[in-house]
Amino acid sequence: VAKTQDSNGKKVPVANTFLVTIGKDVPAGVYDVRAHGLFGISNPRSFVVGDLPEKAEAEPNNTQAQPTAMAMDSVINATLQSATDVDYFSFPGKKGEKVSVNCRAARIDSPMVALVEVYGPDQRRLVSERDTFRHDPYINLTLPQDGTYLVKVHDLTYSGGAQYVYRLGVHKKPHIEFIIPPSGTP
């Protein structure tokens, strides 16, 4: 349980907030996390252990003029704060780079139906995706020119709130589309 200090300097629990400690030997992946307490065990919640550098979204980032900057091969943890919230992110790219833009929302138990659009340095929309990989957008793109690219993220029905969390990753790592025969180790 996460704790904070009250006015007397005494540590007190923070309601509905938990600290999760991950060992350095835990492989990257999605794990189920449960809480056990006086009234039993909770339903599972998805928890992601990543292998890329991560940071939190920096508000305000609601217009193309004020995107949250992200590095290539990194992840941003973000929230659609309210209905009609639209988030913008930017990343640097070079002509010919093969880039993946991965938005995890449904896969981490968020009610968000994510819609992701990527814009080139010339402000033209290059791609728009919604339900590509297990109900979340996943974009594979070869960058057409050098410059700064914009990523626009919003909910399909322009909903939002504290539960509308997502993870946006931009990387050059390979992605497994499918395996034939449908079994084996990736």
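Predicted model: local features only at pLDDT ≥ 70, side-chain atom pairs only at ≥ 80, totals over all residues.
Visitor: Let's start with the sheets. What is the strand order in the open sheet with β7 in it?
Guide: The order is β7-β9-β16-β11-β14. That open sheet has 5 strands, and the pairing is mixed.

Visitor: Which strands sit at its edges?
Guide: β7 (54-56) and β14 (138-142) are the edge strands. Each pairs on one side only.

Visitor: How much does it twist?
Guide: The average is 20° from one strand to the next.

Visitor: What holds paired strands together, in general?
Guide: Backbone hydrogen bonds do, and the strands can be parallel or antiparallel.

Visitor: Okay, β11 and β16. How many bridges join them?
Guide: There are 5 bridges. β11 covers residues 98-104 and β16 covers residues 165-171. The two strands run antiparallel.

Visitor: Which residue in β16 is the bridge partner of Cys103?
Guide: Leu168 is.

Visitor: Now the open sheet with β8. What's the order there?
Guide: β8-β10-β15-β12-β13, with mixed pairing. This open sheet has 5 strands.

Visitor: Why is one side of β8 and of β13 left without a neighbour in the sheet?
Guide: β8 (68-69) and β13 (125-129) stand at the edges. Each has a single partner strand, so one side of each has no neighbour in the sheet.

Visitor: What joins β12 to β13?
Guide: 4 bridges do, and the strands run antiparallel. β12 spans residues 114-119. Glu117 has Ser128 in β13 as its bridge partner.

Visitor: New topic: rings. How many aromatic pairs are there?
Guide: A search of the whole structure finds 3. One of them is Phe91 with Tyr149. Their ring centres are 5.6 Å apart and their planes are at 20°, so that pair is stacked.

Visitor: Where do those two lie?
Guide: Phe91 is in strand β10 (residues 87-93), and Tyr149 is in strand β15 (residues 147-155). The pair therefore ties together parts 58 residues apart in sequence.

Visitor: Are Phe91 and Tyr149 buried or exposed?
Guide: Both are buried.

Visitor: What about Phe133 and Tyr138?
Guide: Their ring centres are 6.1 Å apart, with planes at 65°, so the pair is edge-to-face. Phe133 counts as partly exposed, at 24% relative accessibility. Tyr138 counts as buried, at 7%.

Visitor: Last one. Which residues make the nonpolar surface patch?
Guide: Val20, Ile22, Val26, Tyr31 and Val33 make a patch of about 340 Å². Ile22 lies in the loop between β2 (11-13) and β3 (29-33). At 37% relative accessibility, Ile22 counts as partly exposed.

Key: Residues numbered from 1 in each chain as written. Heavy atoms only, no water. Phe/Tyr/Trp six-rings, centres within 6.5 Å; stacked < 30°, edge-to-face > 60°. Buried < 20%, exposed > 50% of the residue type's maximum accessible area, 1.4 Å probe, protein only. Pairing = 2+ DSSP bridges. Axes fitted to C-alpha atoms, helices over the stretch in contact; angles between N-to-C directions. Patch = residues over 30% accessible without salt bridge, like charges linked within 9 Å, V, L, I, M, F, W, Y side chains within 5 Å. Areas by Shrake-Rupley, 256 points an atom, 1.4 Å probe, with all protein chains shown as cover. Salt bridge = Lys/Arg side-chain N within 4 Å of Asp/Glu carboxyl O.
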